[in-house]
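Reader: I have not looked at this one before. Can you walk me through it?

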Amino acid sequence: MVEKRALVFVTLAILVWAISISSLAAYFYLQNMMYTKQIGENQQSLNKTASNYDELMSKYNILLGEYSILYGIYSFPSGNFTSLIESLGRLLDSLKGNYSSLLMDQEDLNETYYTLEEDYELVYKESNVTREDFGRLLNEYYDLFNLLAVRELSLVLSQTVTLNVNACIDYGNGTINWRNETERMPAGSSLFQLTQKISEINYTYYPSMKPGHVLVDSVNDKKTYTVDYSEGWSWIWYYWDAEEQKWISGPVGCDAWMLENGGIYKWRFEHWSWP
Amino acid sequence: MKIHLLNTRKLALFGILAALCLAIQLTPRPPNVEFTSFFTFAVGVIFGALYGGFFGCIIMFVNGFLSPYGFAGLVMPFQMIGMTIAGVIGGVYRRLMPGQIDLARFCTETAIVGAIIALIYDLVTNIGVGFWFVIGGMDFALAMLIAIAYGVFFSIVHIFSNTVVFGILTLPSIKALNDLLGRGERFG
């Protein structure tokens, strides 16, 4: 016969075991619930991205088809470009209609579009449109169209992907302001957009400059200036090359440079002279 | 005169145990491996439930401010309650101890008591953590469930370590403390 005291202690031991195991089960149940919810949300997000991607690609294909027809006619040796110019106008309208929200949101693209539209108006007013003029407009259109498509695709990606970047502004007088790991930018953002986000800037748009049309004139009220044609102070941007372990001067305009996740960027106010 | 000497000795012993316990408690150590509940339980066994409860309460109060893990905050009252319970259990255990007890059985019993003290202490402090979540706007039941469930791994470590500490240390400690107070043995 087991005595009462022993039974009490056996019961207590079982109680400890049962409560511990139940807590463990509750822990795994909660973890399972959390992961299931996360997977569901991720799946939903992926489905939405896939659906947006389909929509985007069908739009891209239609516009590309329209461009292709016009380009085919342009390539034909004996084309009448004066009559074709209206087709290009329709193509431009179609581009604006399809990417209206993107053109409204992104200043640099908007500027590029209106420059192209102005060029188009100038050529349109001419009584005789030359092959060169038409070809140049068609090329500019195609560049902008591709840029818009890339940016919109990036925006679709940004619904599921955001970029963590570091940036600093070096005023050239020993003052360096860092923004470490604080900038979460949507995928597909350019350095120009990041710069606008982290500082107050003034800039000039140069339609003929490629790739990238933007030159920064001032950052947080610090303005660029030239002493004479051969020297001055300007805002120059750099990116950090992790492999080489050094800053590399920006090879293109800041509006053409797409941000990378974990990328480190610097704006530096620096002296230049020529030659 | 004899009673006064005994009281002074008891008081001195109580103070030494409190200082020793605090010194160990405030020393950096693996999370949830602790000796405070063992000391509190031992004080409960030697001095009774009231002293045991007071001992646990005061140690956790000081620990709440000086712990190497930082200020305990809202959890501190729950830690004090948990440790008070450990001291009271010591006193109750002393009352329920038979006149003579087998050494192996005593060790087994105190190991089980150590486990149950760890479990109760963890449940009480986890409820304290749950109140943090409730203040943060979480539903009460869910907050308690999450606090208890997510504390389970710490709890398992605590139960295991307490089982070992109580099972091994209680017998020699109680014997030594009884000797110091000039009491007779009840083991063996």
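Author: Let us begin with a helix contact in chain A. This is a predicted model. In α1(A), residues including A:Tyr53, A:Leu56, A:Tyr60 and A:Leu63 meet residues of α5(A), among them A:Leu138, A:Tyr142, A:Phe145 and A:Ala149.

Reader: What is the contact of α1(A) with α5(A) made of, by class?

Author: It has 15 nonpolar, three polar and one charged residues.

Reader: And how do the axes of those two helices cross?

Author: The axes of α1 (residues 4-75) and α5 (residues 131-158) of chain A come within 10 Å and cross at roughly 175 degrees. The helices α1(A) and α5(A) are therefore roughly antiparallel to each other.

Reader: Switching to α6(A): how many of its residues are buried?

Author: Six of the eight residues of α6 (residues 191-198) of chain A are buried, so the helix is mostly covered.

Reader: Which ones are buried?

Author: They are A:Leu191, A:Phe192, A:Gln193, A:Leu194, A:Thr195 and A:Ile198.

Reader: What about strands? In which sense do β6(A) and β7(A) pair?

Author: Strand β6 (residues 225-228) and strand β7 (residues 231-241) of chain A pair in the antiparallel sense, over three bridges. A hairpin of two residues joins β6(A) to β7(A).

Reader: Which residue is the bridge partner of A:Tyr225?

Author: That is A:Trp233, in β7(A).

Reader: How many residues of chain B are in contact with chain A?

Author: 14 residues of chain B are in contact with 11 residues of chain A. On the chain B side, α5 (103-135), α6 (140-150) and α7 (152-180) each supply at least two residues. By class, that side has 12 nonpolar, one polar and one charged residues.

Notes: Residues numbered from 1 in each chain as written. Chains lettered and ligands numbered in written order. Predicted model: local features only at pLDDT ≥ 70, side-chain atom pairs only at ≥ 80, totals over all residues. Pairing = 2+ DSSP bridges. Helix = DSSP H or I, 4+ residues; strand = E, 2+ residues; numbered from the N terminus. Axes fitted to C-alpha atoms, helices over the stretch in contact; angles between N-to-C directions. Parallel < 35°, antiparallel > 145°, perpendicular 65-115°, else oblique. Contact = placed C-beta atoms within 7 Å. Nonpolar A, V, L, I, M, F, W, Y, C, P; charged D, E, K, R; others polar. Buried ≥ 20, exposed ≤ 12 C-beta atoms within 10 Å, placed from the backbone.
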